[in-house]
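Work through the following exercises with the sequence and the model at hand, and compare each step with the solution given.

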Amino acid sequence: MSKRPTITLRPREGRKARNGAPWIFSNEIVMDEPAKALASGTLVHVKGDDGQDFGTGYFNSKSLIAVRLLARENGAHVDAAFFATRLTRALALREALYAKPFYRLVHAEGDSLPGLTIDRFGGTLVLQVSTAGMEALLKPLVMALEQVLAPDTIILRNDTPARALEGLELYVRAEKGEMGRIAVEENGARYFADLGQGQKTGWYYDQRDNRAFIAALAKGKSVLDAYSYSGGFGILAAKAGASETLCLDSSAPALALAEDSAAANQVSIRAIKCDVFEEIERLAAQKEVFDIVVADPPPFVKSKKDLEPGAKAYRKLARLAASVTAPGGTLLLASCSHNIAVERFAAECAAGILRTGRKATLIRSAGAGPDHPVHPMLPESAYLKALVYALD
Ligand code: SAH
């Protein structure tokens, strides 16, 4: 047995963890002086007040999620071999799903690796570590990545604001190889991402299947890709034969990548740097409409307290987007806010569309692709919602 400290649950606490949830909250544990004194990220044993073993996890007294469990056995070895087993399993799922090595390789708790996401771009891996516990395990993790994948490049995109809550510094660096621009292959199209400077890990793999769905409808149609980033939806629609594609985004570097991607796929797009709300209002005033409209904004509900203003913003966006959707057209409205439930989001979208006097039916309700597995006891981590409406 290792000499790890033990964290004890308070009487009758830990109900969710007993049923398989990987989190234990700070109000569920005995937060005594020895527990408070543990360094953030320390590996611990967890026991119920009745002596039941909950397993091995990492602890952070400063976080509301005090323990994230890594294994159901107490005293589990958390070393390179541990990571290699988890990574091999995560890799097998992706290799079964995708012909090319471009996907989210690790989706945190969904791949039994809390605090860690890894996006794969061929021989390049972009890691995002969001907890002190995972940060403390970087060394064996990188050893395991070498063993399982032998990547050319490993980039640490450790600049997610969530790290501040864990008392971690924000930084971006290449652990191996160099940062820079890279090609992404997805749905048979070629895109570009800037792994050091782009948003999140540089690319949003979560919308892959939704992009394919829209592209399947796009032949001969005009397409508006609002909040396009580097053209995920728009480029694929153009490649599928859209008659015209307009990408809107506030980020000039993202639009520059979209234009390069258009050239690489031998299609043409128009890209406008703008605020989407203002630009759609302008387009609507000019009575411009598009057969297909996609609106995939940044999160409007960043925290629970933003729910009401955020919900209102989703409703307004739905109204504006519907106002530039052609008769008989298709409208995709997305939210990547985990703080708004799909039912509420759908209600706001419906209300916004109806405000334009249009009728709509919901033809697809989807989330992220299967390279973003969701832990069954953490349904709230299914953050992405993509609703597709057929308008009259
Ligand atoms: N649809 C994209 C992902 C969009 S992410 C894809 O398929 O990859 C959200 C995008 O919204 C980001 O690119 C960000 O630059 C942009 N954005 C944020 N606020 C904006 C605003 N007010 N107007 C226009 N774009 C905005």
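A polar contact is a pair of N or O atoms within 3.5 Å; within protein, one atom must be able to donate a hydrogen and the other to accept it, and residues adjacent in sequence count only if both atoms are side-chain atoms. The model is predicted, so that local features need pLDDT of at least 70 and side-chain atom pairs count only at pLDDT 80 or more, while totals for chains, interfaces and linings use all residues. Residues are numbered from 1 along each chain as its sequence is written, and side-chain values use heavy atoms, with hydrogens and water left out.

**Exercise 1.** Determine which residues are closest to the ligand, and which atoms of Y227 and D296 approach it.

Solution. Begin with the surroundings: 16 residues lie around the ligand (a heavy atom within 4 Å), the closest being R211, Y227, D249, D275 and D296. Finally, an N or O atom in the side chain of R211 is 2.8 Å from a ligand oxygen.

**Exercise 2.** Describe how domain 2 meets domain 3, starting from the bounds and ending with the composition of the domain 2 side.

Solution. First, the bounds, from an automatic or database domain assignment, are 80-179 for domain 2 and 182-391 for domain 3. In contact (heavy atoms within 4.5 Å) are 22 residues of domain 2 and 22 residues of domain 3. The buried area (accessible area, 1.4 Å probe, lost on putting the two parts together and summed over both) is about 1900 Å², with 60% from carbon and sulfur atoms. Of the area that domain 2 buries, F102, F121 and R157 supply 32%, more than any other three residues.

Then, the 1 salt bridge across the interface (a Lys or Arg side-chain nitrogen within 4 Å of an Asp or Glu carboxyl oxygen) can be set beside the 11 residue pairs in polar contact. Last, the domain 2 side divides into 10 nonpolar, 4 polar and 8 charged residues, where Ala, Val, Leu, Ile, Met, Phe, Trp, Tyr, Cys and Pro count as nonpolar, Asp, Glu, Lys and Arg as charged, and the others, Gly among them, as polar.
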